[in-house]
Amino acid sequence: MLEIAGHSAKFGAWSFDVANRKAEWSTETARIHDEPDGFSPHIDDALSYFAPEDRERIKNAFKDCIAHGRSFDEILQVITAKGRKLWVRSTGEAVLDETGKTTMVEGSIQDMSELVTVRKRAEDAERLLAMAGRAVKLGGWRVDLANQKVTWTDGTAAIHELPAGFSPSYDAGIDYFAPEERDSARKVFDDCVEHGIAFDNVRDLITAKGNRIQVRSFGVPVKDDAGQIVAVQGAMQDITELMTAQRTADELSGRLAETLENIGDAFFMLDRDWRFSYLNTKAEELLERTREELIGRRISDELSGSVFEAQYSRAFETGQTVRFIEHYPPLKRTFRVTAHPIPDGLAVYFSDITEECRQTEQLRLLEAAVQQINDVVIITDAIHRAASGDDTIIYVNDAFERMTGFTRDEVIGRTPRILQGPKTQRSELHRIWQAIETHFPVSVELINYTKSGREYWLELDMVPLANGEGQVTHFVAVQRDITDRKRGEDALRVSEARFRLIADATENTVWDWDIAEGRWWWSDGMVQQFGHHPDPDAKLPTVWRANVHPDDQMRVEALFEKLTLGEIGVLHDQYRFRRADDSWAHVEEHAFPIRDNEGRIVRVIGSMADISDRLDMEERLRQSQKLEAVGQLTGGIAHDFNNLLTIIMGNTEMLRDSLEEDSPLRRFADASAVATDRATELTNRLLAFSRKQMLQPQVFDVNAVITDFEDILRRTLGENIDIEIDLANDIWLTEIDLAQAEAAILNLAINARDAMQGGGSLTIETANVVLDSDYVSSEPDVPAGHYIVIAVSDTGHGIPKDQIAQVFQPFFTTKAVGQGTGLGLSMVHGFVKQTGGHIRIYSEVNEGTTVKLYFPRYVGDREEQGTTSQDRPLQRGQETILVIEDDVLILQQLMAQLTGLGYRVITASAGPPALDILRARSDIDLLLTDVILPGGMNGRQIADAARVIHPDLKVVFTSGYSENAIVHHGRLDSDVNFLGKPYRRSELAAKVREVLES
């Protein structure tokens with residue numbers, strides 16, 4: 001029982017880390033030693049608390065536990081920090097690693113002073129009882145009834161503290177009992193005398209010295225032979241010490257039982273047969289069984305096969321304390337159990353930790369959940385504040401580390417100020433401070449900063465936490481990153497502002513129809529573009545509906561209805577819309593629905609763009625593409641026609657040379673030559689229109705060109721046309737083909753004359769102009785830049801608007817049949833475009849026409865222009881010429897002409913056979929090749945390959961038109977000798993001689 005009592009009160013724990021030599025005391029251990037809570041000494045200082053006489057003993061036990069793993073259990077004296085001497089029970093057990101080495105010593109210490117004192121008293125009482133047993137302290141007495149003589153033995157006299165041999169009188173013997181005992185003592189004595197009733201009583205007695213003692217007095221009647229009671233004899237024993245010891249034991253037992261009943265843990269004892277020998281009330285409560293039900297029953301009958309039985313067996317077998325936590329399904333409880341082996345069996349302490357486990361599991365789940373959520377959780381200590389007065393951080397979750405970049409170790413113990421920066425709003429911080437001071441919840445939005453300095457917006461909800469006494473001890477803050485939301489709100493505000501600004505700044509008319517509110521908003525474009533002033537209070541778009549073209553209105557309104565019903569996702573449409581001046585604009589409508597969270601269309605935003613100019617430009621682009629296509633066709637025709645004309649012209653010349661001047665056939669040959677010249681002029685115009693004519697551009701001052709050309713114009717136009725020349729000063733230079741430029745101006749002048757049948761005025765102007773990006777945006781294929789403009793204006797009858805788009809088409813003319821070919825303006829258009837320029841025509845019926853020719857400004861160095869060579873006599877030679885031509889008739893014609901001029905001629909129809917000839921012969925002086933040839937190689941590629949074989953070989957190219965082999969953008973490559981088809985025999989002879997002699 002004393003050992004059991006040693007486990008019940010003032011119990012502390014301690015541990016010692018062997019590797020780090022670090023001791024750690026529990027709070028109760030510190031208190032036993034009169035040290036403050038949280039105090040843990042060095043191991044040497046911990047041992048020094050033991051009394052000097054016990055110190056070596058505990059040191060040896062501690063060392064033996066570390067070295068050999070032996071546990072110890074000692075009752076020793078300690079001297080506390082306040083000098084108090086206490087008896088303590090100190091236990092220790094070794095914690096071993098997998099190798100059997102001691103890594104930790106764990107133990108307990110309990111204040112046993114009170115129990116040791118009680119034990120000593122009990123031991124004293126037992127010692128006195130033993131001495132009484134040895135000395136008996138027993139005396140005899142006899143009362144003879146006949147003479148009323150009282151006889152005491154010495155022992156009885158000694159009990160009464162009277163000298164040996166003393167015997168009292170008959171009446172005086174009873175008077176030694178305490179006054180309250182005398183009557184009952186006399187009665188039991190009289191009953192024994194009169195009725196023969198023996199007695200055995202414990203009574204208080206007053207000795208002769210006045211000491212009060214307890215005695216056991218027993219007596220029996222003495223009878224004579226007749227059966228008459230003649231005496232009463234008996235014994236008296238001083239049981240004062242025995243009774244004192246009994247009271248002490250009873251008191252100790254009561255206190256022990258009270259202690260076991262009042263300890264917080266449930267407690268029961270098992271004997272060596274595993275039977276319950278004791279249960280306290282707490283054990284009855286937790287096991288839901290009474291003492292009467294369990295005392296004497298084997299625990300195996302209750303816990304058979306359970307973890308509990310296995311653990312208790314281990315404690316019995318090893319003799320060591322066993323601690324474990326286990327769930328007991330029958331009671332649906334979880335217990336924390338400590339089983340101590342004792343000499344008589346097993347002492348078991350256990351407590352119900354079901355709620356603690358539930359809370360621990362809840363805390364674990366809560367901790368896991370808090371760690372997994374994306375919201376930041378921060379807990380601050382509201383009691384132990386930093387020097388700045390701010391709460392300190394005691395907990396952050398994983399989301400905090402992810403969001404801020406700080407680790408837990410970096411922020412625990414610090415204040416939330418580490419997250420603040422230049423843009424953190426002081427007003428919001430003040431609200432938080434007020435909430436902390438008044439212990440109220442608060443919600444704020446503010447800017448914080450990550451560890452790297454990146455700012456982010458957060459939404460913070462903070463609430464106070466109070467303890468059981470209502471004192472606020474902590475604050476919990478939940479933070480969400482709302483940076484994206486804030487950016488979205490900012491973007492929305494900016495977007496709204498931009499929407500209004502764009503709506504005001506754009507050339508389009510922007511509108512916003514709030515279906516739910518029934519409001520219709522128009523931008524200023526409605527006024528600026530169309531001249532209408534919408535009603536700001538109108539629930540429906542009355543201005544819009546009133547001005548949609550009647551032929552388009554039904555279709556457009558049906559599309560709007562489909563849009564608002566969700567049948568179509570967006571609306572794109574074109575229709576006609578009336579301007580305030582009653583003119584009709586072609587508009588393009590774009591409208592987009594906006595839905596609420598439930599998918600209902602609550603708003604429509606759209607725009608109206610006046611695309612009249614764009615459609616006009618697209619029409620002009622189509623016309624340009626049409627002209628391009630026709631140009632490709634006419635260029636091809638002109639090429640083939642030139643091949644035919646080359647044959648006809650050559651044969652006509654040979655025929656004329658073979659006829660005498662007075663031959664009747666000569667006039668037919670001359671007529672053929674004239675027709676050939678006209679046909680050549682026609683093909684040149686077709687090539688000019690198709691931009692495939694051969695240009696030989698030179699740098700000119702257009703003012704000088706027009707001045708030199710003025711006389712020809714005046715002679716051509718006649719006296720009834722007034723010509724005015726208005727030339728700009730400091731005109732820029734341009735690079736153009738002089739002959740083609742003069743032909744273009746002459747064409748425009750002749751068209752102007754024909755438009756002024758009764759006479760009129762022709763004005764030719766020059767100017768420097770800059771075409772900027774705004775201008776060229778509406779003109780296809782015109783780059784921005786500096787240009788020289790030549791404007792030719794007349795006061796003729798003008799051109800109807802519906803015909804202006806057709807005037808550049810080949811063979812289109814407004815003149816009477818037989819008065820024009822319809823190629824004049826086509827040729828001008830082709831020449832200007834081939835030069836990289838731009839042409840525009842402006843005309844009003846009965847007012848006149850202006851045609852403006854734009855040529856790019858030349859920015860290089862001006863070169864000296866060559867003079868036109870005079871016609872020279874037909875030139876001949878004897879060199880060898882390789883001719884490559886795929887057209888058999890032209891090839892025969894060339895052979896005849898060149899042979900007639902004295903040259904040796906070798907022929908080929910394609911590139912590969914021609915190259916074979918060049919490899920086989922080294923006497924070829926000149927290569928005369930068509931540009932466009934079959935066989936996969938054009939004339940330029942053949943010439944390049946030939947010069948690899950004969951580097952000094954001379955080359956002349958000939959073609960109806962050249963594509964891009966030797967001409968780029970209408971300009972002849974600088975290293976190319978070219979003879980355009982058709983050509984005269986004299987032109988052929990001159991070109992061949994020129995190249996051979998170069």
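This is a predicted model: local features need pLDDT of at least 70, side-chain atom pairs count only at pLDDT 80 or more; totals for chains, interfaces and linings use all residues.
1. Pocket volume. The second largest pocket holds about 910 Å³ of space. Its lining is made up of 38 residues. Those that lie nearest the centre of the pocket are Phe11, Thr321, Arg323, Thr338 and His340.

2. Where the lining comes from. Seven elements can be listed by range as giving two or more residues to the lining of the second largest pocket: β1 (11-17), β3 (72-79), β4 (85-96), β5 (102-111), β13 (322-328), β14 (333-342) and β15 (345-352). The largest share belongs to β4, which supplies 7 residues.

3. By class, the lining of the second largest pocket has 16 polar, 14 nonpolar and 8 charged residues.

4. Helix pair, geometry. Helix α29 spans residues 888-900 and helix α32 spans residues 985-997. The two pack with their axes 11 Å apart, at an angle of about 65°. Angles of 65 to 115 degrees count as roughly perpendicular, and α29 and α32 are therefore described as roughly perpendicular to each other. The crossing of α29 past α32 is right-handed.

5. Helix pair, contact. On the α29 side the contact is made by Leu894, Gln897 and Leu898; on the α32 side, by Arg985, Leu988 and Val992. Sorted by class, the residues in this contact are 4 nonpolar, 1 polar and 1 charged. Gln897 is the polar residue and Arg985 the charged one, while Leu894, Leu898, Leu988 and Val992 are nonpolar.

Key: Residues are numbered from 1 along each chain as its sequence is written. Side-chain values use heavy atoms; hydrogens and water are left out. On a 1 Å grid over the protein atoms alone, a cavity is a set of points where a 1.4 Å probe fits but cannot get out, and a pocket is an open set with protein on both sides within 12 Å along at least five of seven lines; lining residues have an atom within 4 Å of a point. Grid points are joined across faces, edges and corners, and a volume is the space filled by probe spheres set on the points. Helices (H or I, at least four residues) and strands (E, at least two) are DSSP runs, numbered from the N terminus. Axes are lines fitted to C-alpha atoms, for helices over the stretch in contact, and angles run from 0 to 180 degrees between N-to-C directions. Angles under 35 degrees count as roughly parallel, over 145 as roughly antiparallel, 65 to 115 as roughly perpendicular and the rest as oblique. A crossing is left-handed if the near helix is turned anticlockwise from the far one by less than a right angle, and right-handed if clockwise. Contact means heavy atoms within 4.5 Å.
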